[in-house]
Every structure is written in structure tokens, then in C-alpha cells.
Amino acid sequence: MPQSAAEVDRLILVIEIGGMPVRVNTTDPEFLRMLQDRYAGFVSSSERVEAEFDVELTRPTFADAGESVRVTHRQGRWSLRRGDFQAEWDPTTRQGWIRQTANPYSIDAALRIVHTLLLARQGGLLLHSASAIRNGKAFLFAGVSGAGKTTISRLAPPDATLLTDEISYVRQLDTGYVAFGTPFTGELAKLGENVSAPVAALYLLVQGPENRIDPVAPGEAARSLLANVLFFAQDEQLVQAAFHSAFEFVSRVPVSRLTFVPDARVWELIR
């Protein structure tokens, strides 16, 4: 395992997404500045953290960032691996390490994976969906690639606050399901606002000849939700937890199919 960053030289940044602070330690000032720019608006002064990572920077290789992610659990520790990074994390001590080159993409992938692990135990979800707040309520827009997540985000009116055009962060709290803004961007390359609101509805996007909303049966709603859940862990217990979370979500949040023409009038249906 890589050695921890020396205490005297350690530079610290806390990145808080979805109310879940993660502390990143590095000894490289340039890398720290890169992270501060990448996660602007999500940097926190919180002393409470859900996870902490020492980042060891390595020399560039010809590793393939497109290589499939492998997330395995052994002897109480999670192992996270892709062509461009390696990491381990102990959920009991909340301590871990990441080995990667000095780029923002590898740690971004590692953070997404860690948040899926944190959320799975709490009934929450990371979803391939756009989301926005309007009139104090959050709306999620899910669909396969090309269904219109970026389009509907781009068409959002001035009174809508974009949470994300790519990956929605949903937590189950005492008050119900709440959607949070994320720095995980899609084609718009625009960070979401670091705000939150109760989830009012999930829309399954379909582009068509008219704007309309149709109800979706619970079984189809659950299948469609699961198809858009980000989940990487090869762990039966967490897989079961993810299934339970999906069925619980669709039993409490309205799910509809939103067919829309790609122009701003579609937002007249979303209130």
C-alpha cells in the first residue's frame, strides 16, 4: 500500500457532495489547485468526513482510462481499479489511498464509486440522469444516451436551478428523497449548483412529436430506474441493497414518461 502523505507536508482539501464530505490529502500544490478548480463550489471546511484518501501521484503511463472499473470487497476493504488509477478504502476506519497521475479525471471516477458505496448503505442512489430544481422541488430526467438529458438541461428556464446534466445524487432522509447538486458533468461541462430540494418526480425521457406526460407502471418504473443506477461493486449484499433502494424509491416518488419536442415549451409541463 502507498505510504500516507507526510503529516508535515500534507495539503488537505475536503470535497462535499450530497452532504457527504470526503477529505483528500496530497503533497503536491499544483494537484491541490487543480482539485480546487475542478470542484469549485463543492469545497468544504467540514471536519466531519465520510471518507479520507491519501493521493499518491505517479508518472504517466499508457494505461487505458476506458478500461472497465473493478470494485471488489475483501477482508473489510474495498479495492477500486481502472486502467488509470488504483485505490483502496476501509469503510470501518474511513481511511484509504488513491494512486494516479496528476489529472482530475481519475479521482473524479474514484469519488463517484466511493459515493455509490456510501449511498448504498443509506438507501440513496447515483443516477444517470439530469436534475433541476424548480419552485422548490427537484425533478429528475433519466434516459439512455441520446434520450435528451443534456437537451432538457440546456432548455431549462431561468427560474430552474441545474443540479446536474449527467449524474443525479439522491439521498433518502427523514423527510423523504432529496436531490443534491453535483460536480459530475456531462456534455454541458457545467458544474451543478451545490443546493438541494425534495424530489417531486422522475421522468423517463423520450423525444417525440409532441410534449406529453404518461404514467409508468411500478414494474416498468423500477426496471427503468435500475437501468440508470450507477453501481460498480461486486458484492451481493450491496447489490441487494441497491435493488431494495430502487423499489423503495419508485413506491414513494411518481415516475412518468416524458415525451418531448426539443424546445423550451416542454418545461411548461414541469412544475
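This is a predicted model: local features need pLDDT of at least 70, side-chain atom pairs count only at pLDDT 80 or more; totals for chains, interfaces and linings use all residues.
A residue counts as exposed when its relative accessible area is over 50%, and as buried when that area is under 20%. Asparagine 135 has a relative accessible area of 54%, so it is exposed.

**The nonpolar cores**

- In soluble globular proteins, nonpolar side chains tend to be buried together.
- Here, the largest nonpolar core has 40 residues.
- Zoom in on isoleucine 15 and skip its neighbours within four places in sequence: it is in contact with Met20, Pro21, Val22, Val24, Tyr39, Phe42 and Leu111.
- There's also a second, separate core of 24 residues, and among its members are Ala142, Val199, Leu225 and Ala246.

**Aromatic rings**

- How many aromatic pairs does a search of the whole structure find? It turns up 5.
- One of these is phenylalanine 141 with tyrosine 203, a stacked pair with 5.7 Å centre to centre and 20 degrees between the planes.
- Phenylalanine 141 sits in strand β10 (residues 137–142) and tyrosine 203 in strand β14 (residues 196–207), so their pairing ties together parts that are 62 residues apart in sequence. Both of these residues are buried.
- Another pair is tyrosine 169 with phenylalanine 180: the ring centres are 6.2 Å apart and the planes are at 75 degrees, so this one is edge-to-face.
- Tyrosine 169 belongs to strand β12 (residues 167–173) and phenylalanine 180 to strand β13 (residues 176–180), so this pair ties together parts 11 residues apart in sequence.
- Tyrosine 169 counts as buried because its relative accessibility is 0%. Phenylalanine 180 has a relative accessible area of 12%, so it is buried too.
- Phe139, Phe141, Tyr203 and Trp267 form one aromatic cluster.
- Tyrosine 39 has a charge over its ring: the charged end of arginine 38 sits there, 4.7 Å from the ring centre.

**The eight-stranded sheet**

- 8 strands make an open sheet with mixed pairing, in the order β3-β1-β2-β4-β8-β7-β6-β5.
- Which strands stand at the edges? They are β3 (43–44) and β5 (70–74); each has a single partner strand, so one side of each is left without a neighbour in the sheet.
- Strand β1 (residues 11–17) pairs with strand β2 (residues 20–26) in the antiparallel sense, over 7 bridges. Within this pairing, isoleucine 12 stands opposite asparagine 25.
- β1 and β2 form a hairpin with 2 residues between them, and glycine 18 in the turn has a positive phi of about 65 degrees.
- β1 and β3 also run antiparallel, joined by 2 bridges.
- Valine 14 is a handy landmark: its bridge partner in β2 is arginine 23, and its bridge partner in β3 is serine 44.

**Single residues worth a click**

- Alanine 179 lies in strand β13. It counts as buried because its relative accessibility is 0%.
- Not counting residues up to four places away in sequence, alanine 179 touches Ala138, Leu140, Leu163, Tyr169, Val195, Ser196, Ala197 and Val199.
- Glycine 186 lies in the loop between β13 and β14. Leaving aside neighbours within four places in sequence, glycine 186 is in contact with Asp165 and Glu166.
- Most residues other than glycine have a negative phi.
- Glutamine 75 has a positive phi of about 50 degrees, although it is not a glycine. You'll find glutamine 75 in the loop between β5 and β6 (77–82), and at 77% relative accessibility it counts as exposed.
- Asparagine 135, from the opening, has a positive phi as well, near 55 degrees. It lies in the loop between β9 (125–134) and β10.

Conventions
Residues are numbered from 1 along each chain as its sequence is written. Side-chain values use heavy atoms; hydrogens and water are left out. A nonpolar core is a set of buried Ala, Val, Leu, Ile, Met, Phe, Trp, Tyr and Cys residues joined through side-chain atoms within 4.5 Å. Buried means under 20% relative accessible area, exposed over 50%, partly exposed in between (1.4 Å probe, protein chains only). Contact means heavy atoms within 4.5 Å. Rings of Phe, Tyr and Trp (its six-membered ring) pair if their centres lie within 6.5 Å; planes under 30 degrees apart count as stacked, over 60 as edge-to-face and the rest as tilted. Helices (H or I, at least four residues) and strands (E, at least two) are DSSP runs, numbered from the N terminus. A charge sits over a ring if NZ of Lys or CZ of Arg is within 6 Å of the ring centre and within 35 degrees of the ring normal. Two strands pair if DSSP finds at least two bridges between them.
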